[in-house]
Amino acid sequence: MRSHDVIVIGAGVIGLSLAWKLQKSGLRVLVVERGEPGREASYAAAGMIAVCDPHNDRLMQPLAEISAAMYPEFVHELEDESQEKVDLRNEGVITFLDPSSYSALHPKSKALTAEEVVTIEPGVVPRANAYFLPESWVDPRLLCSALLRAFKHRGGDVASGSPVLSVTDNEVRTEQTIYHAAAIVNCGGAWAGQLMPPNPTRPVKGQMLCVVPLAHPTPHPPVLRHVIRATDVYLVPRSDGRIIIGSTLEEGGFDKQVNPDVIQQLRSSAESILPAVKDMRTHDAWAGLRPGTPDGRPLLGKLAPNHYIAAGHYRDGILLAPATAEVMAALIEGRTPEIDLRPLAPNRFQR
């Protein structure tokens, strides 16, 4: 059995980004995944790098700004190592805001008139309080695939298909075997609350669907170029013509069942903003489990001398992945992270 310096529990975008970062630093890393790598919350995500969202927690904004700024180089290096594309796009976001639901707009936000909305996105039905946000987005399924391949290309190891049963000082026990390492990191997503020791993360269900043009792929210009965000729905275009429509926020444990009525409501809301959706077919629908915490902020930091956690990213796992990998790698390697992690300390809920 190979020996490892670090064991990362969880092969979502957070765990894979950290594992890749540590492996590049010369450490020997093992990723332990209960199912198939990249197939839980990251697979279900829309992929928005929503750094300008006015609903963002102000205490989270420094980490969000750093992470969004890292993305171009993060993707460039990842695509170079993996030889896979992740479909990073930066056309920006048109958002229709409810002024009562936020405290302040991001400085880079630009108000749009109805005429300006139609000019830059002709197929969209304008709503009140329209703004343009200079944000990017990725295809998270492609992102995780590229991360996994790049990590393995660097010599990283993956053990998948068996849940972690227990974690002790330097030991991770699964149904299949026992692994040892000098450091262990809990990146277990919605399941992180069951490990090292129990912590206040919980699953928050989100249902989504994907629609495609009837003639797919299409030879004509795409139906949608920008991400559209409203209070009741968002639409995220992919470069191949697909449109991702989401999403709900549901407290219901680990249930990932799709409700046809909910999916139809999401589609109807999307059609009210982008009527062209009426002439598109539903490609598939799914539900994912976001890892939530009591205050909506992730748990980043040290739990014990050999134990760390990077979990609870809720709706911002894609946005925060590069910076989370950077600050957690600094902690594990004995360096000082470039931002203050005290607002995200994993012990902040303890009396």
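User: Which residue does Lys85 form a salt bridge with?

Analyst: Happy to look at that in this predicted model. The closest N and O atoms of the pair are 3.8 Å apart, and the cut-off for a salt bridge is 4 Å. The partner is Glu79.

User: How many residues apart in sequence are the parts that Arg149 and Glu84 tie together?

Analyst: These two form a salt bridge, with 3.4 Å between the closest N and O atoms. Arg149 sits in helix H5 (residues 140-153) and Glu84 in the loop between H3 and strand S4 (93-96), so the pair joins parts whose separation in sequence is 65 residues.

User: Is Asp139 buried or exposed, and which residue is its salt-bridge partner?

Analyst: The relative accessibility of Asp139 is 5%, so this residue counts as buried. Its closest contact in the bridge, N to O, is 3.2 Å. Asp139 belongs to the loop between strand S7 (136-137) and H5, while the partner belongs to the loop between strand S14 (234-237) and strand S15 (243-246), so parts 103 residues apart in sequence are tied together. That partner is Arg242.

User: What is the nearest side chain of opposite charge to Asp53?

Analyst: Good one to check by hand! Asp53 lies in the loop between strand S3 (48-49) and helix H3 (61-82), and is buried without a salt bridge. Leaving out residues up to four places away in sequence, Asp53 touches Glu135 and Arg229. The nearest side chain of opposite charge is 4.2 Å away, whereas a salt bridge has to be within 4 Å; that side chain is Arg229.

User: Which residues are linked in a network of salt bridges?

Analyst: The count for the model comes to 24 salt bridges. The network links two Asp and two Arg residues: Asp57, Asp295, Arg297 and Arg348.

User: How far apart in space are Val118 and Val6?

Analyst: Val118 lies in helix H4 (residues 114-120) and is partly exposed, at 36% relative accessibility. Beyond its neighbours within four places in sequence, Val118 is in contact with Val124 and Pro126. Val6 is 112 residues from Val118 in sequence, and the C-alpha to C-alpha distance is 51 Å.

User: What radius of gyration does the protein chain have?

Analyst: The chain has 7 helices and 18 strands, and 53% of its 351 residues count as buried. A compact globule with 351 residues would have a radius of gyration near 20 Å, and the chain agrees with this at 20 Å.

Methods. Residues are numbered from 1 along each chain as its sequence is written. This is a predicted model: local features need pLDDT of at least 70, side-chain atom pairs count only at pLDDT 80 or more; totals for chains, interfaces and linings use all residues. Side-chain values use heavy atoms; hydrogens and water are left out. Helices (H or I, at least four residues) and strands (E, at least two) are DSSP runs, numbered from the N terminus. The radius of gyration is taken over C-alpha atoms; the globule rule is 2.2 Å times the number of residues to the power 0.38. Buried means under 20% relative accessible area, exposed over 50%, partly exposed in between (1.4 Å probe, protein chains only). Lys and Arg count as positive and Asp and Glu as negative; His and the chain ends are not counted. Contact means heavy atoms within 4.5 Å.
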